[in-house]
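I kept these notes while going through the structure for the first time. They follow the order in which I looked things up.

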Amino acid sequence: MSFIKDIINQEHLPLPLRYVPSYDVNHIMMEVCALLNAGGGWVAVGVSEGGMVIGLPKDYSTVTLQQELTNKISPVPLVYVQDEVCNGKQIALLTVMKGSLPPYSYMGRYYISEGNEVVVPDYRQMATMIRSDNDFQDKWEQGTCMTAEVGDLDAGVMNRIYDNGRMLGRVLLSHEAQLSATLSRLRLISASSVSNGAMALFGKDVSLFLSQCKVRIQVMLNGKKASEYQDVFSIEDNLLNTHQRVMEYFQERLPRTVSFADVKGIRQERHVYPMAVVDEALTNALIHRSYSGFLDEVTIFVYKDRIEISNPGEMSRNYIVKGKVVPHGSLLRNPLMAEVFYMAGLMEKTGRGLSVIFDGMHNMGYKKPVWKCSNGYTTLTLYSKYEKTAKVNKRILVFMDEHSVGHRFTKAEYMNRFGDISKITAQSDIKQMVELGLCEVKGSGPSTKYVLTKTYR
């Protein structure tokens, strides 16, 4: 099931989901602005109230919509625009993060939500927005980096990010072709000061100003109790260079493939860890961590069968229910730094990072990732092992060949397909499919249905 279908079908969402039936830019901007001034949420464009899919016009452009959001809403908002296909039609899902610099305006006017309506706030509501604060945000990134000047930032990295952001429609377009205009509107730099966030992101020699911007990788293939490490790699650099260097390390040093048996019993080769998942996990650790402690660092332990990525700062414990990531609104500890990573194209699923990690491992048959929060740290464990490699019977293979991902069926429908099997046999087959991650259970009791998550079509 796609993410948009998942949230439309969710009975109790933690944040509002707003519908814009047609591609009406003014309507979209006002809805986004209202969510920015509240707690964030989602906007489904091309979908009417109640979840009826209408679709978008053929000339719709994700980049154009993103550029409209960047240039017409002030300050620059953190809004992720994603194309989705729902019921065979193209729609857009906008993930709106809670604004860190309220109040937000569209073309000079402010908006808030009252029930299902978007309205202009009165002076009391305006005062409330101005005073509003995000308790989870620690404000470190907005603080002034003492003695630092704009000349201490790496112009080469800033130019690279500007070029990426311009291509994606995520930076303010300026005649000077520079990132400084966007950073100024985010209040990360000014004519006389540089913020901690700007130094962490772009500093030439960040260790002189921010000693906590460190990542340490330790390879311990013989386990935690081994007397020596196979490799120790420490990085003290700005976050954008650090991200690049860590990913290069993983690409060069980690074993590239592992042999396994798929459900048909066929031997195949696959990366030990999906690099897209590792990338997302690293980004989360760099952006969602706390930078308040001068001696803190991100640590990555590489073991024979797993990777543990640990960062200062605990995440909310409400994101994972019964071992599965549920739709949620992300509370960003460093929202302005997250916005720059998004501009750079390094946070393609902003607000959905945990789902990307979980689904990326689970859908490829890996053991489910585990998050643990304790003693002020969050640790994510990615396993290289596969959950199951057992062969499945011919009935299951035939059923998977006949249907597409997302196909819903009941136990009775499965029995009817094969005619001569008993309820116990059908139940056994479906149980194995669920255990192998080939389908998911929806509902309970007599109304229970199953949804295929993998096929061989």
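**Salt bridges.** I searched the whole structure, which is a predicted model, and the search returned 11 salt bridges. I looked at some of them in turn.

I began with Arg166 and Asp163, whose side chains meet in a salt bridge at 3.5 Å, N to O. Both residues belong to helix α5, and because they are 3 residues apart there, about one helical turn separates them. I checked how open the two positions are. Arg166 is partly exposed, with a relative accessible area of 41%, and Asp163 is partly exposed at 40%.

Next I took Asp231 and Arg253, which form a salt bridge with the closest N and O atoms 2.6 Å apart. I noted Asp231 as partly exposed, at 22% relative accessibility.

The next pair was Arg306 and Glu308, with a salt bridge of 3.1 Å, N to O. Buried or exposed, I asked of Arg306 and Glu308? Both are buried. Salt bridges with shared partners also join Asp305 to Arg306 and Glu308 in one network.

**A charged residue without a partner.** I then looked up Glu339, in helix α10. Which side chain of opposite charge is nearest to Glu339? It is Arg185, 9.1 Å away. A salt bridge needs a nitrogen and an oxygen within 4 Å, and Glu339 has no salt bridge although the residue is buried. Leaving out residues up to four places away in sequence, I listed what Glu339 touches: Val76, Pro77, Leu78 and Leu186.

**Helix α3.** I went through residues 62-72, which make up α3, and wrote down Leu65, Gln66, Gln67, Leu69 and Thr70 as buried. What covers the buried residues of α3? I found that the cover includes the helices α2 (25-36), α5 (155-168) and α10 (335-343). It also includes the strands β3 (73-74), β4 (79-86) and β5 (89-96). At the start of α3, I saw a side-chain oxygen of Ser61 reach to within 3.4 Å of the backbone nitrogen of Val63.

**Strand β10.** I traced the neighbours of β10 (residues 214-219). With β11 (residues 231-236), the pairing is antiparallel and runs over 6 bridges. In that pairing, Ile217 stands opposite Phe233 of β11. With β14 (residues 298-302), β10 pairs in the parallel sense over 5 bridges. Here the bridge partner of Val215 is Val298, in β14.

**The chain as a whole.** I counted 14 helices and 22 strands in the chain. Of its 457 residues, 50% are buried. I also looked at contacts between residues at least 6 apart in sequence, and 67% of these join residues at least 24 apart.

**Confidence.** The chain averages 84, and 83% of the residues score at least 70. Where is confidence lowest, and where is it highest? The lowest mean, 50, belongs to strand β12 (residues 258-261), and the highest, 97, to helix α7 (residues 196-202). Where pLDDT is low, the predicted coordinates should not be read in detail.

Terms used: Residues are numbered from 1 along each chain as its sequence is written. This is a predicted model: local features need pLDDT of at least 70, side-chain atom pairs count only at pLDDT 80 or more; totals for chains, interfaces and linings use all residues. Side-chain values use heavy atoms; hydrogens and water are left out. Buried means under 20% relative accessible area, exposed over 50%, partly exposed in between (1.4 Å probe, protein chains only). Helices (H or I, at least four residues) and strands (E, at least two) are DSSP runs, numbered from the N terminus. Contact means heavy atoms within 4.5 Å. A polar contact is a pair of N or O atoms within 3.5 Å; within protein, one must be able to donate a hydrogen and the other to accept it, and residues adjacent in sequence count only if both atoms are side-chain atoms. Two strands pair if DSSP finds at least two bridges between them. pLDDT is the predictor's confidence in each residue, from 0 to 100. Lys and Arg count as positive and Asp and Glu as negative; His and the chain ends are not counted.
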